[in-house]
Amino acid sequence: MDLLRAVSTKTAFLLQNSVLLPPNTVIKPPSKKRPIGCKTVFVGGLPERMNKDLIAEIFHCCGAIKQIRMNSKNFCHVNFSSEDSVDLALLFSGCRLRLENSNLPSMTGRLHVDYATARSDQAEFRKQLLLNERRAENFKNPIMIFSDSKAIEVMEDLKCETALRFCSAAQLVRGWFNRGECTSGRMSYFYSFLQSISSRGKYLSNLLQKMEHESVAFKDHFRARHHSIHQQLTLSEQIFKSATNKRNWDRFTKAQRNCIKSWTKTCQEIHELQLQNPMWVELGEADMDVENEYSSTIELNHAPPKITDLNNQSPACSYHLDDLKSPQSSNIFQAFDRNPVVSLCLISSLLTLNPRGLSLEEISKYLNSYSLSYTSEDLMHLLEMHKEIFSFGNGVWFHRLLYPNANNLA
């Protein structure tokens, strides 16, 4: 400490075999930026006959010295145990050193002390930083103390197929490894942990392969369903187009023509949405192609079947549904499995052909003929969700285009 006091007061200090004189010029600040975790300083301007003992005699007052690395070009590196020692060592920069009180050039020198970048200091700093982070993490999330009973319990959780139990046990094992619980006496437990985790990796690999197969099967199913929907919508548009021919169009009343126009627009909008589906677009244009020959083989000129199983059908109403009970379309409707769009189209067509309205049981019976089974509650909910199309009055359901004020009927 006497040496540091002499340096700070700029007075000469007598060492064992040398004299340390204060600087006679302005001391320059360090030329380097202090490295992270710096514990090493560069000392230049040493006399030619300088040795490690003299270096240690000068800098021992700054703190514990771990290593001194001498160089033949009149400089050395001093590695301290603490970062605070580096700040004290910088005070010696600019001091003049005279060995054996001699003025010979080989016995004198002006010290230049600066920061030095050492890999060992940086590695030690990163190690200490990681240790502090682990301590902080353990403080926030304390890890359970290792015991034989807990190790057996963790072993069972690592073998469990439940992801939650496995993740909880894996986090505990990781904490034990980081805290240094893996000792020679517990090596068998930790080796068993690693075996279980390796087996878990194989299980997850098989699960991933299974998911890939399921994904391929889903894409095939998705492609088939979209092809079916695309064919049905294409046929529906062609039927509506055929109905607008002058020969057929003149046979419909004005109210029926308005309904047909509304149905055509709805069908086109549904078809457009189906073609814009992102998953459908990914299948490629090749998968979207549908054979037009299929639609041309369906005969649309034969007389459609009449609706004869409804009690409240108007005698004056002799209209028929287009072609919904043909063998081709019956197979198609089975693929919909209570598709609301198909159900709404059928109900809308049915109520248009029955201006006096139909009860809920009659509508349900009609849908069952197309393998579209609904409970009374589900069917009521479906109709009430589309009150802009259907209306209710006097215990029966009407089409709103025919009776817009049916809700006000007494």
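Because the model is predicted, local features need pLDDT of at least 70 and side-chain atom pairs count only at pLDDT 80 or more, while totals for chains, interfaces and linings use all residues. Residues are numbered from 1 along each chain as its sequence is written, and side-chain values use heavy atoms, with hydrogens and water left out.

The chain holds 16 helices and ten strands; these are DSSP runs numbered from the N terminus, helices being H or I of at least four residues and strands E of at least two. Of its 410 residues, 36% count as buried. Buried here means under 20% relative accessible area, exposed means over 50%, and partly exposed lies in between, with a 1.4 Å probe and protein chains only. The chain exposes about 25,800 Å², of which carbon and sulfur atoms supply 54%; accessible areas come from the Shrake-Rupley method with a 1.4 Å probe, and for residues only the protein chains shown count as cover. Among contacts (heavy atoms within 4.5 Å) with a separation of 6 or more, 66% join residues 24 or more positions apart.

Two strands are taken to pair if DSSP finds at least two bridges between them. Strands of a sheet pair through backbone hydrogen bonds, either parallel or antiparallel.

β4 and strand β5 (residues 75–80) run antiparallel and are joined by six bridges, with Gln-67 opposite Asn-79 in β5. β5 also pairs with β3 in the antiparallel sense, over five bridges, and here Gly-44 stands opposite Phe-75 in β5. On to β8, β3 is joined by four bridges, again antiparallel, and Val-41 faces Tyr-115 in β8. β3 is mostly covered, since four of its five residues are buried.

The loop between β4 and β5 contains Asn-74. Its phi is near 60°, a positive value in a residue other than glycine. Most residues other than glycine have a negative phi. Asn-74 is partly exposed, with a relative accessible area of 31%.

Another open sheet of four strands has the order β1-β2-β6-β7, with antiparallel pairing. At its edges stand β1 (13–14) and β7 (108–110), each with a single partner strand, so one side of each lacks a neighbour in the sheet. Strands β2 (residues 18–21) and β6 (residues 96–99) are paired in the antiparallel sense over four bridges, and Leu-21 is opposite Arg-96 in β6.

Helix α14 (residues 340–353) has 14 residues and spans 20 Å from its first C-alpha to its last, close to the 20 Å expected at 1.5 Å a residue; the expected span is 1.5 Å times one less than the number of residues. Eleven of the 14 residues of α14 are buried, so the helix is largely enclosed by the rest of the structure. Ser-348, Leu-351 and Thr-352 are among them.

His-399 lies in strand β10 (residues 396–399) and is buried, with a relative accessible area of 3%. Its side chain makes a polar contact with the side chain of Ser-348 at 2.9 Å. A polar contact is a pair of N or O atoms within 3.5 Å; within protein, one must be able to donate a hydrogen and the other to accept it, and residues adjacent in sequence count only if both atoms are side-chain atoms.

Asn-394 sits in the loop between β9 (390–393) and β10. Its phi is near 55°, also a positive value in a residue other than glycine, and Asn-394 is exposed, at a relative accessible area of 52%.
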